Amino acid sequence: MENRKLIDFKVFLNGIWRENPILFIMLGLCPVLAVSSSVKDALGMGISVIFILTGSNLVISLIRKIVPNHVRIPVFIVVIATFVTITDYILAAYSPQIHKNLGVYLPLIVVNCIILGRAEGFASKNNVFNSILDGLGMGIGFTLIIFIISSVREILGNGTFMGKLILGENFKPFLIMIMPPGAFLVIGILIALKQKLEKGKKKC
Amino acid sequence: MKKRDIITGILVITFISALSGYLLAHVYNKTKPKIEEVKKVEEEKLNREIFPDGFKFEEKEINGVKYLSVLNENGEEIGKIFEVKTMGYGGYITLKIGLDKENKIKRIKIKEHNETPGLGSKITQDSFLKQFIGKTKDDIYLKKDKTDEKIDAITGATISSRAIVEGVRKLLEKIENGK
Amino acid sequence: MLNETNLFFIFLSAFLINNILLIRFLGLCSFIGISTNIKSSIGMGIAVVFVTVMACSLSWAVYNFLLAPFHLEYLRTTTFILTIASFVQFEEMIIRKKLPALYRAFGIYLPLITTNCAILASAFLGIDYKLSFIQNLFFSFGISAGYCFVIIVFATIREEIEIAPIPESFKGVPIAFILAALMSLAFLGFKGLFKL
């Protein structure tokens, strides 16, 4: 796996579909379900994750050769926590509404398995350019899924999209979609769909 | 060889942590003024929404309870704003209750809450809050709790609605009795 | 405004009403992975309770005695996660040496717990809700007990479901989520338990 080209764009695409963090590796579920009742919040979370993931991948890839093996996990954690805290304060200052809506789920990105997983599994073994691409790819893949889930939940559960009423005044929303059970339902169906797609491919 | 590893390990971690701490202190100091400004602006915005013709808002206290006295250009008090905390579905809800000169409700605004997005969060909407305007404490009950009474809860968010009702009514009771 | 007499309420609210898994969506990664097997679920559940209560108490102390007095609140994310990680590491070493039988039972789950968002979240929430030490103790116990309870019940149901006729694409994880949806629905019913 170390025989990668200097800048390998396949790495980027990998994060979006083939190894999409949520659908395939099933990582980082908690924030997905928690903030996906509103598209705006979901995008806020997605963008934060892209920033944190790419940033920490970058730094970890930069220092990968000087960090001794037995302390790498604490070092990764400190790096990730730093990026998370920076994001926390920047959002609080410049997008207070989103910061309020993300709430406790923002600092929780620190233990989001995706970020630690990529730091350990990719950034510590690849060069800076590819690590950046991996961070971007995985982050965008994550954001894509959380966008889909939140769209379904907000449209069906609230009749709105990004806060704007789109199904008309008379639409009676399926309240359950906005509540926790709705989140589990949507992601269960999504993963079932993905498994069905995979099965179809295998038949070929 | 093992001892040297431990020492390098500790050095690396200390260095990285120190770097991280320095960076964070920097970001914190840079964003702190902005964050406080944001809070102040929001607070003022809420006050103005409750009393658009308020000229000055002064902090006062009566019987140990703090409130904002709303003054017009002539310095006369045209109302009061009280901040009340009540326990909702997802934690505390902070309300701003504006009372006019006769201590009747002028307007209510939600300052902070942790209610469910899309459900309990609807307590911030005027369509719910305007039901309180002009009512006295005896009118402030949910239709569910006292059938001839006046406040409609938000569908699917009874607990959040009730929290607001209780918070408002308790304030009015306190004013009637305490003052 | 939360006083000592509300300890029972704090516990119940964390355990049932705002259940960490089914209502707050925290701790899901390990939950889905481990709940396929009842034995592992019990092991994980107990480990979570133990680590959560201790780590949250520690974090509470660190925040209130170390960070806050020196206005270093912005370091809480980093310090909390490092506290939890170190605690788990330390714990693992002690248990492996002193109680090897116990280690064999649930020691392997300990490292997994470090990335369990439920624990970090409990630490944060204890501070956000401005709880006292005792309240925080009951709160973290409630949260972790809620996790333990749900994961064991879930595993029991999942083992039954393995033999049921489910459409191919739903087998495995998707049906687990549908199940979680149903359980979550049931837990939502607890919300009306306390009329405050």
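Which residues of H6(A) are buried? Before selecting them, note that this is a predicted model, in which local features need pLDDT of at least 70, side-chain atom pairs count only at pLDDT 80 or more, and totals for chains, interfaces and linings use all residues. Residues are numbered from 1 along each chain as its sequence is written, while chains are lettered from A and ligands numbered from 1 in the order in which they are written.

Select residues 113-123 of chain A, which form helix H6; helices (H or I, at least four residues) are DSSP runs numbered from the N terminus. Of its 11 residues, 8 are buried, that is, 20 or more other C-beta atoms, placed from the backbone, lie within 10 Å of their own. They are Cys113(A), Ile114(A), Ile115(A), Leu116(A), Arg118(A), Ala119(A), Phe122(A) and Ala123(A).

Next, display what covers these residues: the cover includes H3 (39-63), H4 (72-94) and H7 (128-158) of chain A, together with H2 (28-34) of chain C.

Now select chain C, whose average pLDDT is 80; pLDDT is the predictor's confidence in each residue, from 0 to 100. In the contact, 32 residues of chain C meet 35 residues of chain A, where contact requires C-beta atoms, placed from the backbone, within 7 Å. On the chain C side, H9(C) supplies the largest share, 9 residues.

Finally, select chain B, where 21 residues are in contact with 23 residues of chain A. The model as a whole scores ipTM 0.74 and pTM 0.78.

Notes. Two residues are in contact if their C-beta atoms, placed from the backbone, lie within 7 Å. A residue is buried if 20 or more other C-beta atoms lie within 10 Å of its own, exposed if 12 or fewer, and partly exposed in between; C-beta atoms are placed from the backbone. Helices (H or I, at least four residues) and strands (E, at least two) are DSSP runs, numbered from the N terminus.
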